[in-house]
Amino acid sequence: MLVAGGAGFIGANFARYMLAKYPDYRIVVYDKLTYAGNLDNLQDLDEKYADKYVFVKGDICNGEQVNDTIQQYEIDAIVNFAAETHVDRSLFNPDVFVQNNVFGTHKLLEAAKLFGNIRFHQVSTDEVYGEVLRGSFHEDDPLETRSPYSASKGAADLLASSYYFSFGLPVTITRGSNNIGPYQYPEKVVPLFITNALENQPLPIYGDGKYARDYQHVMDHCSGIDLVLHCGQLGEIYNVGGGNEVEALNLAKLILKKLNKPYSLIRFVEDRIGQDRRYSLNCAKIKNLGWVPQYTFETAIDDTIHWYINNEWWWRKIKSGEYLEYYEKQYRERLDKAIETVFSPSQGDEL
Ligand code: NAD
Ligand code: DAU
């Protein structure tokens, strides 16, 4: 199995999950190692699964290299996690999102078609539906993408489906909600808030902090992808969400409370442009396949917080590199303009 983008957050967790669950599978992690790709995410696999796991540094946009890798390792399934994934970055530089997420997915699909019946699974996102103010999205709802990131993911979904309908490629797609857990790059809100709180740095809340996201533990997302890969109906799309809707301000308060840090670290900053107010997924379809998430929101956030407390070596290395430049660009002016808000002691239990 080729796990494209497997040196990133979810892909690395997925590779580890599959190697542990299926002793006779062989996994090739294929990853370009962008700023978000990190061999530290896979460091235990080399030794533990020496004969079953291999890492190949490669770009999904490079068709020749993709083909050579498929041939060399006799790949019979591709799970595509490879993408540019941060919405804020897609507002600075949409170009790499179109290149990696659309053109790259196209190249992988072409390779799967060229070699015959390679099983293809595309990892997508709830953001392709756009915002939903009431109720939850079903798989057959229209795509109403609103950021360059979500537009590029929506385009990749359409391409993947088109290869099923036009060429009979055995394709499935999952659309996941926000993941949390080990190895998430600290640009995303949960690891950003946890690591900033641990360093007594401000927690930047976009706009009024009432933007709701549905958080799930990365391992539940991985088990959903595994189930669809093995039991999903070809050509179909499956939503995978935790059903844990949390607004950003409440998330910040919860994290601060759990880390015993003051609410005075909270800063309301200039909003993300065009931000979607709320995401929510109806997951009846994957539950009918037998998907049962193992984590509640409480156990998922506790596991995540403990992982960041116990793995400073991992995130401190990241926070001293390219990240600093990104952080300055994204937050310095916003934080300089922000005013400290005073919360009464009774506030903070809204979850
Ligand atoms: P991530 O940013 O942590 O990792 C992305 C990985 O893709 C990195 O290792 C990067 O090096 C690699 N990559 C990027 N472009 C590449 C290319 N051209 N060739 C090869 N590798 C390349 O992302 P993540 O959070 O692990 O997300 C993985 C996938 O899941 C993405 O497709 C994302 O859209 C989707 N998704 C993420 C979430 C979430 O909450 N994080 C939720 C739903 C869906
Ligand atoms: O919904 C799934 C998507 O979740 C994935 O497809 C994306 O790859 C992933 O990045 C994530 O996108 P979001 O934009 O929802 O995640 P992010 O962690 O960037 O933001 C979550 C919420 O927190 C959002 O409402 C914006 C808010 N936020 C975020 C940051 C980084 C803040 O208030 N302050 C911040 O500094």
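**Reading helices, ligand shells and single residues**

Modeller: The buried residues of H9 pack against the helices H7 (189-198) and H11 (297-310), and against the strands E8 (203-206), E9 (212-217), E11 and E12 (266-269). Please keep in mind that this is a predicted model.

Biologist: How many residues of helix H9 are buried?

Modeller: The general idea is to compare each residue's relative accessible area with a cut-off, buried being under 20%. Helix H9 (residues 248-258) is mostly covered, with 9 of its 11 residues buried. Among them are Ala 248, Leu 249, Asn 250 and Lys 253. Just after H9, Asn 260 adopts a positive phi of about 60°.

Biologist: How is the length of a helix to be checked, taking H1 as the case?

Modeller: One sets the expected span beside the distance between the end C-alpha atoms. Helix H1 (residues 9-21) has 13 residues and, at 1.5 Å a residue, should span 18 Å; its end C-alpha atoms are 19 Å apart, which agrees.

Biologist: Why may H1 be called largely enclosed by the rest of the structure?

Modeller: The reason is that 11 of the 13 residues of H1 are buried. The buried residues include Phe 9, Ile 10, Asn 13, Arg 16 and Leu 19.

Biologist: Let us turn to the ligands. Which residues come nearest to ligand 1?

Modeller: A ligand shell is read by asking which residues have a heavy atom within 4 Å of the molecule. There are 28 residues around ligand 1, and those that come nearest are Ile 10, Asp 31, Thr 85, Tyr 149 and Lys 153.

Biologist: Which backbone atoms lie beside the oxygen atoms of ligand 1?

Modeller: Here one looks for pairs of N or O atoms within 3.5 Å. A backbone N or O atom of Gly 8 is 3.0 Å from an oxygen atom of ligand 1. For Leu 33, a polar backbone atom lies 3.5 Å from an oxygen atom of the ligand, and for Phe 81 the corresponding distance is 3.1 Å. Ligand 1 taken alone exposes 820 Å², of which the protein buries 97%. Two or more residues of its shell come from each of H1, strand E5 (119-125), helix H6 (148-167) and strand E7 (178-180). E5 provides the largest share, 3 residues.

Biologist: How many residues of that shell are nonpolar, polar and charged?

Modeller: The shell around ligand 1 divides into 11 nonpolar, 13 polar and 4 charged residues.

Biologist: How many residues surround ligand 2, and which are the closest?

Modeller: Ligand 2 is surrounded by 24 residues, the closest being Asp 126, Tyr 149, Asn 178, Arg 272 and Gln 275. A polar backbone atom of Thr 85 lies 2.8 Å from an oxygen atom of this ligand, and a polar backbone atom of Pro 204 lies 2.8 Å from a nitrogen atom of ligand 2. A polar side-chain atom of Arg 213 is 2.8 Å from an oxygen atom of ligand 2. On its own, ligand 2 has 690 Å² of accessible area, and the protein covers 95% of this.

Biologist: Which element gives the most to the shell around ligand 2?

Modeller: E8 gives the most, with 3 residues. H7, E8 and E9 each supply at least two. By class, this shell has 11 nonpolar, 7 polar and 6 charged residues.

Biologist: Single residues remain. Where is Asn 244 placed, and is Asn 244 buried or exposed?

Modeller: For a single residue, one reads place, accessibility and partners in turn. Asn 244 is in the loop between strand E10 (237-240) and strand E11 (245-247). Its relative accessibility is 18%, so Asn 244 counts as buried. A polar atom of the Asn 244 side chain lies 2.9 Å from the backbone oxygen of Tyr 215. Beyond neighbours within four places in sequence, Asn 244 is in contact with Arg 213, Asp 214, Tyr 215 and Phe 297.

Biologist: With which side chain does the side chain of Asp 303 make a polar contact?

Modeller: Asp 303, in helix H11, makes a side-chain polar contact of 2.8 Å with His 217. At 29% relative accessibility, Asp 303 counts as partly exposed. Leaving aside neighbours within four places in sequence, Asp 303 is in contact with Pro 182, His 217 and Tyr 295.

Definitions and conventions: Residues numbered from 1 in each chain as written. Chains lettered and ligands numbered in written order. Predicted model: local features only at pLDDT ≥ 70, side-chain atom pairs only at ≥ 80, totals over all residues. Heavy atoms only, no water. Helix = DSSP H or I, 4+ residues; strand = E, 2+ residues; numbered from the N terminus. Expected span 1.5 Å × (residues − 1). Buried < 20%, exposed > 50% of the residue type's maximum accessible area, 1.4 Å probe, protein only. Polar contact = N/O pair within 3.5 Å; in protein donor to acceptor, adjacent residues only side chain to side chain. Areas by Shrake-Rupley, 256 points an atom, 1.4 Å probe, with all protein chains shown as cover. Nonpolar A, V, L, I, M, F, W, Y, C, P; charged D, E, K, R; others polar. Contact = heavy atoms within 4.5 Å.
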